[in-house]
Amino acid sequence: MTAWIDGRAATREDAVAAAASLLAGARSPVFAGLCAEAASVQAAFDLARTIGASLDPAAGSALYADLGALASGGAMTTTPAEARGRADVVLALGAAPWASDILTELATDGPVRGRASGRPRAVLALGGPGAGSVQHVAYPAGEAGLAAAIGLLRGLVAGRVAGPHPLADLATRLRDALYGVILYDPAETGALGAEMLNGLVKDLNETTRCFALPLGDLHQGRAVAQIAAWSTGQGPRVGFGRGTPEHDPWRFDAGRQAAAGEADAALWLAALPTPLPAWTRTVPTVALLGAPKGDEAQVVIGVGVPGEAFGAALWHPRRAAIAWHAVDGPQPVPGPAAAILADLQARLSSPAEKPSPAKNPTTNPERSASC
């Protein structure tokens, strides 16, 4: 069984009809999660445009730690392939890089291209636990935390902080590198840490070459950011309540909307494993899940897992790009979420299902800008 209504097994047709009815009656719906292949995420943006919903990916907080710093001052980044080919110094910030395959791969060999070709690759760690299998030099972040340590390191590199300091040796190593790479997780560094990191990279590029390499998240956040850009020209937290896409990271934070009582219906898209937030228990929700149990939301519809049940375009961490993930032959499982979203699109675009402006203030031009 792959569909449920109020925890009871239902046909997929009945579940889609119930989902359409729930969304059609909403005054301020929100689409969240967005952890799926590119086609399904694109279909979610199209449906949100049709009914005046807002969108917020599960990776929103981590994404905006990076996007905020990018918008305020720009960034100089590289890819995993370039890091493997050129970096003679790799700095891992915090704990997250030590759980990634990228750092392990970087530690196994040295650069083979560019000025650093043939040199040994040094792995450095700031504020992380390290790993016994990876030879590295570790530096403590201190009691002030990782973001403050990055800011202090920036001051040491630029010569704004003088005198002996535990991080002075790390600053020297970065300045002496021919091609440095700083590996980090925006969710761990936070917005302030990401801003300090980008400034550090810019300062280093005054005299050498250095680039930031953000880790991809588990929830397709980097793919969602690109789909949002080509769909709306803006970041992923957008709302279509007034007919055109409006970008506002605070207004369209799904958790904030639910806590404030602004969202009265939700669609949670998680074809790939993504924990449901607690607010889906209080906001009437349609959940499209790759591994459903049936009691996760008011309406639950099982969908195929992209890259396993069918070939799909997904974020590829090693390529740092959206890439095709093929499968061998068709699988006897539910189809992609994009098919369910297309069905909802057709139903909610019809006069019988589409909410009127009087019933749905999110399409009313006089709606308050704070809604």
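Me: How much volume does the second largest pocket have?
Reply: About 520 Å³ for the second largest pocket. Keep in mind that this is a predicted model.

Me: Ok, and which residues lie nearest its centre?
Reply: Asp66, Thr77, Pro214, Arg222 and Trp315 lie nearest the centre of the second largest pocket, out of 26 residues that line it.

Me: Which elements give two or more residues to that lining?
Reply: α3 (60-73), β9 (210-214) and α9 (221-232) do that for the second largest pocket.

Me: How do the lining residues divide into nonpolar, polar and charged?
Reply: For the second largest pocket you get 16 nonpolar, eight polar and two charged.

Me: Now the largest pocket. What's its volume?
Reply: About 790 Å³. It has 35 lining residues, and Gly216, Asp217, Leu218, His219 and Gln220 are the closest to its centre.

Me: Which elements supply at least two residues there?
Reply: α5 (101-108) and β15 (312-316) each do for the lining of the largest pocket. By type, that lining divides into 21 nonpolar, seven polar and seven charged residues.

Me: Switching to helices. At what angle do α3 and α8 pack?
Reply: About 25 degrees, with the axes of α3 and helix α8 (residues 186-204) 8 Å apart. Angles under 35 degrees count as roughly parallel, so α3 and α8 are roughly parallel to each other.

Me: Is the crossing of α3 and α8 left-handed or right-handed?
Reply: α3 passes α8 in a right-handed crossing. On the α3 side the contact is made by Ala62, Ala65, Asp66, Ala69, Leu70 and Gly73, and on the α8 side by Pro186, Ala187, Gly190, Ala191, Ala194, Glu195, Asn198 and Lys202. Those contact residues divide into eight nonpolar, three polar and three charged.

Me: Next pair, α6 and α7. How far apart are their axes?
Reply: The axes of helix α6 (residues 146-158) and helix α7 (residues 168-176) are 9 Å apart, and the helices pack at an angle of about 60 degrees. That angle is why α6 and α7 are oblique to each other. Their crossing is right-handed.

Me: Which residues make that contact?
Reply: From α6, Leu153, Leu156 and Val157; from α7, Ala168, Leu170, Ala171, Leu174 and Arg175. The α6 and α7 contact residues divide into seven nonpolar, no polar and one charged.

Me: Last one. How do α2 and α11 cross?
Reply: The axes of helix α2 (residues 38-51) and helix α11 (residues 337-349) come within 8 Å and cross at roughly 15 degrees. So α2 is roughly parallel to α11, and the crossing is left-handed.

Me: And which residues meet there?
Reply: Ala39, Ser40, Ala43, Ala44, Asp46, Leu47, Thr50 and Ile51 in α2 meet Ala337, Ala338, Leu341, Leu344, Gln345, Leu348 and Ser349 in α11. The residues of that contact divide into ten nonpolar, four polar and one charged.

How values were computed. Residues are numbered from 1 along each chain as its sequence is written. This is a predicted model: local features need pLDDT of at least 70, side-chain atom pairs count only at pLDDT 80 or more; totals for chains, interfaces and linings use all residues. Side-chain values use heavy atoms; hydrogens and water are left out. On a 1 Å grid over the protein atoms alone, a cavity is a set of points where a 1.4 Å probe fits but cannot get out, and a pocket is an open set with protein on both sides within 12 Å along at least five of seven lines; lining residues have an atom within 4 Å of a point. Grid points are joined across faces, edges and corners, and a volume is the space filled by probe spheres set on the points. Helices (H or I, at least four residues) and strands (E, at least two) are DSSP runs, numbered from the N terminus. Ala, Val, Leu, Ile, Met, Phe, Trp, Tyr, Cys and Pro count as nonpolar, Asp, Glu, Lys and Arg as charged, and the others, Gly among them, as polar. Axes are lines fitted to C-alpha atoms, for helices over the stretch in contact, and angles run from 0 to 180 degrees between N-to-C directions. Angles under 35 degrees count as roughly parallel, over 145 as roughly antiparallel, 65 to 115 as roughly perpendicular and the rest as oblique. A crossing is left-handed if the near helix is turned anticlockwise from the far one by less than a right angle, and right-handed if clockwise. Contact means heavy atoms within 4.5 Å.
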